[in-house]
There are 4 protein chains.
Amino acid sequence: MKEIKSFGIAGGDKRQLFLAKSISDNCYDVQLGGFEKLKSTGSLVLCDMKTMFAESDAIIFPVPSVRADHSINTPFSYESYYIDNEDILLIKNKPIFISMKENFLRAYPQLQSAELYDYSAEEEFAILNALPTAEGAIEVAMTEYEGTISGSKTLIVGYGRIGKLLSNKLKVLGSEVTVAARSKSDLAYIKALGYGVRNTNQLKSVKGFDMVFNTVPAKIFDKDLLMNTDRNTLIIDLASLPGGVDFEIAKQNKIDAVRALSLPGKTSPKTAGEIIKTVIFNIIEEVYR
Amino acid sequence: MKEIKSFGIAGGDKRQLFLAKSISDNCYDVQLGGFEKLKSTGSLVLCDMKTMFAESDAIIFPVPSVRADHSINTPFSYESYYIDNEDILLIKNKPIFISMKENFLRAYPQLQSAELYDYSAEEEFAILNALPTAEGAIEVAMTEYEGTISGSKTLIVGYGRIGKLLSNKLKVLGSEVTVAARSKSDLAYIKALGYGVRNTNQLKSVKGFDMVFNTVPAKIFDKDLLMNTDRNTLIIDLASLPGGVDFEIAKQNKIDAVRALSLPGKTSPKTAGEIIKTVIFNIIEEVYR
Amino acid sequence: MKEIKSFGIAGGDKRQLFLAKSISDNCYDVQLGGFEKLKSTGSLVLCDMKTMFAESDAIIFPVPSVRADHSINTPFSYESYYIDNEDILLIKNKPIFISMKENFLRAYPQLQSAELYDYSAEEEFAILNALPTAEGAIEVAMTEYEGTISGSKTLIVGYGRIGKLLSNKLKVLGSEVTVAARSKSDLAYIKALGYGVRNTNQLKSVKGFDMVFNTVPAKIFDKDLLMNTDRNTLIIDLASLPGGVDFEIAKQNKIDAVRALSLPGKTSPKTAGEIIKTVIFNIIEEVYR
Amino acid sequence: MKEIKSFGIAGGDKRQLFLAKSISDNCYDVQLGGFEKLKSTGSLVLCDMKTMFAESDAIIFPVPSVRADHSINTPFSYESYYIDNEDILLIKNKPIFISMKENFLRAYPQLQSAELYDYSAEEEFAILNALPTAEGAIEVAMTEYEGTISGSKTLIVGYGRIGKLLSNKLKVLGSEVTVAARSKSDLAYIKALGYGVRNTNQLKSVKGFDMVFNTVPAKIFDKDLLMNTDRNTLIIDLASLPGGVDFEIAKQNKIDAVRALSLPGKTSPKTAGEIIKTVIFNIIEEVYR
């Protein structure tokens with residue numbers, strides 16, 4: 001990787017705008033392609049995709065990088081943009097930062113041998129995004145629940161990255177928090193931290209909770225469990241698709257269940273953009289070291 | 001006050017429904033008048049206003065109790081309802097719980113000598129509502145702000161009931177909190193609790209904050225101060241009307257300013273209804289003691 | 001008050017040493033009198049009392065300033081020191097900062113007309129000291145109690161300056177906290193903050209608590225209440241003398257009761273000294289304004 | 001394992017007394033051997049070791065179970081006790097719960113084929129003990145440090161079981177916490193949780209901290225690092241022997257360094273005893289399942 005003095009941002013939503021701003025604050029030149037709907041973005045340079053490809057030392061594609069039709073994900077653009085052969089020549093010798101590499105290469109196999117870095121595959125990316133996800137889950141809970149978090153009884157299913165942060169935030173806001181997990185070590189941590197404990201494997205009923213947050217990507221809330229869940233419970237499903245709740249059955253049983261996906265991008269695009277920057281800059285630092 | 005075995009709920013919004021449910025959970029008979037738009041509310045008895053007046057031992061009017069046109073505040077009703085002379089006879093010898101007594105008596109001076117209790121005038125009512133207000137303010141902040149509370153820099157102007165709870169909640173969510181107050185004792189408490197301190201009297205500029213919460217019912221954010229406030233600051237005005245922000249000037253200066261009023265009723269009607277119950281039951285207990 | 005360029009510290013314990021260091025860090029000259037037991041204190045100037053009186057622009061006496069025999073409170077000195085007429089002439093036209101003015105003037109009535117400031121009488125002094133007092137109470141609890149604070153059940157009697165901070169600290173450390181208070185507004189705040197609530201006036205028994213912290217300077221834990229207190233309860237009495245616990249009866253009933261007085265000076269002399277500086281500097285600022 | 005109706009406690013310190021009490025509260029018969037110094041312990045049965053061995057369904061040895069001279073660890077006994085052949089016959093067919101199996105079997109190889117369970121080897125034991133260890137570390141800090149935790153600047157080296165809990169507790173008490181760790185995922189978590197971050201591998205100097213807690217069992221604070229550590233820093237070494245601080249060099253450099261070992265047993269014997277019970281009962285439950 002050569003020294004990078006300028007970054008090109010190829011499409012994306014508000015996250016990419018905040019990413020661009022944050023990189024610009026670090027005194028790099030930044031050009032944005034694929035934002036024609038915007039008239040101006042302060043000091044950031046808006047240009048067409050080809051100019052940006054040509055003039056930037058490194059290119060950053062958004063989350064997700066490409067759409068199902070292989071066009072670049074450019075919600076701020078009026079038209080779809082497809083990388084053509086000219087573009088390939090412009091960028092194939094530059095560092096290219098992308099998300100979900102497999103999909104990207106399926107769309108543009110010609111870039112197989114390019115200097116590709118999948119920032120979305122870094123563990124750091126997942127950990128850092130757990131914070132805006134947990135906060136976004138609380139925003140959803142505040143919006144959907146008719147009482148206050150303070151004084152509520154909540155159950156979090158799963159004690160991974162999101163469960164760890166979400167349990168802490170709910171507790172400090174005054175909720176009485178129970179966490180369900182599987183591994184002995186997780187169960188011990190949950191006890192040591194003062195939460196109520198449930199074993200996910202033995203979750204036969206969910207009674208006495210105002211809100212339930214599912215973080216486990218498996219059908220935990222199937223028909224059996226939903227038949228044994230209080231009607232006045234609000235279930236917020238944070239698990240990636242297909243999710244952990246049978247929404248059909250939930251509806252039949254008059255249980256309020258909502259799906260909350262991609263929270264960082266939706267509820268905290270600024271933080272989400274800054275996380276992309278942090279991860280990319282750490283990749284660059286490691287390559288150079 | 002005679003022993004109360006049944007309560008009548010005269011109109012109101014979702015808060016009154018949760019209030020009714022909470023009273024019913026305490027094993028009192030509850031009848032609701034002025035909710036024709038609802039088909040059913042579980043085990044609660046919906047009836048017409050006159051039946052409710054006749055059959056209840058005590059009557060509870062909502063917040064606010066009456067509208068400007070003197071009709072009862074019945075958003076769940078298709079028509080306006082005015083207390084007539086027949087009603088007066090039915091309720092004048094029963095305990096009547098109302099909000100904003102002055103307005104109520106202006107509408108119905110015939111009830112001047114009735115057994116009226118203004119629950120909204122109790123200090124306890126204001127203190128208990130500070131909690132859903134503070135949480136509601138955080139909901140507004142999460143919705144409006146594009147970053148996360150965690151890691152943000154926030155300023156709270158005023159250290160009264162709301163400022164005390166809001167500063168605590170923002171801090172435990174990871175914000176770097178500064179509080180502006182006037183009295184020496186408030187300033188000392190703010191310092192002792194580890195917040196940044198500003199003197200409201202010397203607030204000549206507001207720089208370096210992501211979000212500002214105003215709780216002081218005085219025009220703190222006037223032209224002078226707004227001219228010295230960062231453009232990318234989000235101001236959330238919690239002060240009752242006319243509020244503490246010159247929204248016109250804020251808009252001109254491209255400062256995001258939003259008004260957040262009556263938060264408990266809007267964001268946490270369940271908690272708000274339960275607070276009304278708590279205050280009314282404490283009034284009853286005091287009268288009996 | 002003339003401009004002050006140098007401060008003289010007249011005796012005192014470790015607090016005064018930290019006070020001196022903190023003032024010195026603000027670039028004032030500082031001389032200490034009454035510390036003969038110390039060989040050196042870094043960059044601070046140790047001298048005899050008279051030199052210090054003569055050469056300082058302002059004099060600071062410790063907490064307490066004088067002993068029962070009228071000598072200056074100089075625990076770091078081998079001999080007692082009494083202010084003589086020569087000293088009076090040296091200091092009577094300078095700002096003198098003292099604690100407990102009444103006792104001081106009883107010892108030295110000749111200074112009645114001097115420029116005396118009682119920093120210990122400032123409300124700010126009491127509020128700021130509530131923090132090290134609350135933390136000191138937790139230190140005592142950790143030392144005396146054989147379990148962890150986390151998971152314990154605690155009762156705090158009194159919701160004044162210390163009760164407010166102590167309840168918060170115990171809760172964030174994982175204790176299940178109940179607070180007893182008298183006024184309706186205090187009781188409402190306690191409820192809003194999510195603590196258990198008891199009315200001090202109706203405290204007929206204390207059952208189910210691991211630890212009790214009394215902050216009320218009245219005999220709350222008298223024979224009647226101690227007869228209805230669990231034997232395995234640890235009572236920590238933070239109230240100033242004569243205190244709030246009948247220690248004789250407690251001992252007879254095999255209740256562990258300990259007195260914890262003057263905690264800031266004992267457990268956090270650095271913080272206590274810095275608080276004295278803060279209060280004195282605020283007094284100076286107000287006089288000049 | 002046959003059904004257990006009675007437990008025998010073989011020696012140990014206060015932890016074993018609280019363990020015995022806690023088991024007794026669950027309605028098991030409990031007999032204690034090796035506590036001759038005690039006259040009575042409430043409802044617990046004190047007897048000689050042999051009687052206890054004979055009459056109990058399961059035996060629990062303390063932490064550590066045996067001394068270097070192979071005697072049972074019985075600090076509450078006047079004499080040393082060695083398990084003899086008669087005892088072996090009494091206990092070899094019963095479940096025996098011990099700590100540090102290797103040492104135990106070195107002393108009593110005849111029990112090699114007995115039904116031994118090393119509760120101290122369970123991960124759950126280590127995780128649950130992290131809580132009293134973290135709280136004990138704060139007790140040591142409060143005792144040794146002359147300021148308050150609130151407002152202090154602290155560094156925690158290591159983000160394992162203890163580091164995770166200690167960082168949280170220090171932060172909620174108002175300290176400005178920085179954590180040093182090595183793995184990328186730990187560093188990301190530390191950042192996500194809002195602490196200051198340092199990379200342990202790049203720890204060349206420790207400046208600007210009031211207190212440092214070392215949890216890493218490696219000589220982190222060697223001569224090089226101690227030469228670049230502020231003199232007024234308090235270092236609390238929580239790492240098991242040989243520890244992580246060169247105390248000799250620290251002393252020469254006038255850095256306050258203290259060793260804090262076996263904190264749960266020393267500062268929270270009640271909690272430590274209850275943890276032993278929890279782990280043993282979970283072992284029993286798993287065997288039966």
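The model is a predicted one, in which local features need pLDDT of at least 70 and side-chain atom pairs count only at pLDDT 80 or more, while totals for chains, interfaces and linings use all residues. Residues are numbered from 1 along each chain as its sequence is written, chains are lettered from A in the order in which they are written, and side-chain values use heavy atoms, with hydrogens and water left out.

Chain A does meet chain B, with 23 residues of chain A in contact with 23 of chain B. The two bury about 2100 Å² between them, and carbon and sulfur atoms give 52% of that; buried area here is the accessible area (1.4 Å probe) that two parts lose on being put together, summed over both. Of the area that chain A buries against chain B, 32% comes from A:Glu135, A:Met142 and A:Glu146, more than from any other three residues.

As for polar links, this interface holds 10 residue pairs in polar contact, both residues at pLDDT 80 or more. A polar contact is a pair of N or O atoms within 3.5 Å; within protein, one must be able to donate a hydrogen and the other to accept it, and residues adjacent in sequence count only if both atoms are side-chain atoms. On the chain A side, α1 (14-25), α5 (123-144), α6 (161-172) and α11 (269-288) each supply at least two residues, helices being DSSP runs of H or I with at least four residues and strands runs of E with at least two, numbered from the N terminus. Helix α5(A) gives the most, with seven residues. By class, this side of chain A has 10 nonpolar, seven polar and six charged residues. Nonpolar covers Ala, Val, Leu, Ile, Met, Phe, Trp, Tyr, Cys and Pro, charged covers Asp, Glu, Lys and Arg, and the others, Gly among them, are polar.

Two salt bridges cross between chains A and B, a salt bridge being a side-chain nitrogen of Lys or Arg within 4 Å of a carboxyl oxygen of Asp or Glu. B:Lys14 pairs with A:Glu146 at 2.3 Å, N to O. B:Glu146 pairs with A:Lys14, the closest N and O atoms also being 2.3 Å apart. B:Glu146 lies in the loop between α5 and β7 (153-157) of chain B and A:Lys14 in helix α1 of chain A, so this pair joins two chains. B:Glu146 is partly exposed at 25% relative accessibility (buried is under 20%, exposed over 50%, partly exposed in between, with a 1.4 Å probe and protein chains only). A:Lys14 is also partly exposed, at 38%.

Note on methods. Contact means heavy atoms within 4.5 Å.
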